[in-house]
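Have the viewer open as you go.

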Amino acid sequence: MSFTVLIPARMASSRLPGKMLLPIAELPMIERVRRRALASGAERVVVAADDEQILAAVRSYGGEAVQTDARHRCGSERLAEAAEILGLPAEEIIVNLQGDEPQMPASLMHAVASALEGDAGLAVATAAVPLTHWEDLVDPHAVKVVLNAAKDALYFSRAPIPWDRDRYPLTEGAELPAGQHWRHLGLYAYRAGFLQEYARWPRAALEELESLEQLRILERGYRIRVCCSDVVPPIGVDTPADLARVRAAFSTQEDCSA
């Protein structure tokens, strides 16, 4: 199977300024992410950045990077521009790995790419892991996804879905029924041609309401296949506390290399 990993990277960050270049075990974060992508079996890994400093950092380690417009509203739109710059063919499978996910398992990247490889009629795939505790279900920062029998997404929300009307609410720390709730991971695979089409669509009403770019796809009637995994990666790096946790993990080789 052949696929390309594209990594959108922005210099601006309200909670952790310049985080793409902050060091993790002696390497900039973006380089840690790029090396994680290389472990997935991708034929090509490219960083799509909005800042010359990120481009220079990636290239200093022998990586490939392209400069994209700083005005993009989401990572998928940035990748659409990158795919066009790179001249990727319409059927090329692109995996979107966020630039602040240095511990994303390589196996999950391969899984979302494989979902497209195995279904010619599918344009988008993503990943999800089990939600196990009540406080995660009600946390708006944990995006939930509800699936149909074919493991296609029915809806994504920051709200606690599905809602068990006979049991909820639960007390803090309570465990959820196994296999009933799923947390969406911001990892996607697209076909390059679909990505170009997506970037031309205006933002959708549900996307604006929930601030979830994948809802633009569902509102247009496209399927999103969800690869469910029991391999739960740590959350991405958004805060100084996240950065400290990741640095500690890499210092002890607990770097989620599966």
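Predicted model: local features only at pLDDT ≥ 70, side-chain atom pairs only at ≥ 80, totals over all residues.

1. Staying with helix 2, which spans residues 52–60: its buried residues are Ile54, Leu55, Ala57 and Val58. They sit on the same side of helix 2, because the arc they cover around the axis is only 165°. As a reminder, an α-helix has 3.6 residues a turn, so residues three or four places apart point the same way.

2. What does that buried set pack against? The partners are strand 1 (4–9), helix 1 (29–38), strand 4 (44–49) and strand 5 (64–67).

3. Next, a helix pair. Two packed helices are described by the angle between their axes and the distance between the axes. For helix 3 (residues 75–86) and helix 6 (residues 192–200), the angle is about 130° and the axes are 9 Å apart. That angle makes helix 3 oblique to helix 6, and the crossing is left-handed.

4. Who meets whom there? On the helix 3 side the residues are Ser76, Glu77, Leu79, Ala80, Ala83 and Glu84, and on the helix 6 side they are Leu195, Gln196, Tyr198 and Ala199.

5. Leaving out residues up to four places away in sequence, Leu195 touches Ser76, Leu79, Ala80, Ile94 and Tyr190. Between Leu195 and Ala83, the C-alpha to C-alpha distance is 8.4 Å, although the two are 112 residues apart in sequence.

6. Most residues other than glycine have a negative phi, and most peptide bonds are trans. Where are the cis bonds to check? One runs from Ile161 to Pro162, with omega near -10°, and another joins Tyr168 and Pro169, with omega about 5°. Pro162 is in the loop between strand 9 (153–157) and strand 10 (182–191), and Pro169 lies in the loop between strand 9 and strand 10 as well.

7. Then there are non-glycine residues with positive phi. Ala25 has a phi of about 50° and lies in the loop between strand 2 (23–24) and strand 3 (27–28). Lys151 has a phi of about 70°, and its place is in the loop between strand 8 (144–147) and strand 9.

8. Are Ala25 and Lys151 buried, exposed or partly exposed? Ala25 is partly exposed, with a relative accessible area of 37%. Lys151 is partly exposed too, at 38%.

Key. Residues numbered from 1 in each chain as written. Heavy atoms only, no water. Buried < 20%, exposed > 50% of the residue type's maximum accessible area, 1.4 Å probe, protein only. Helix = DSSP H or I, 4+ residues; strand = E, 2+ residues; numbered from the N terminus. Arc of directions from axis to C-beta. Contact = heavy atoms within 4.5 Å. Axes fitted to C-alpha atoms, helices over the stretch in contact; angles between N-to-C directions. Parallel < 35°, antiparallel > 145°, perpendicular 65-115°, else oblique. Left-handed = near helix turned anticlockwise from the far one by under 90°.
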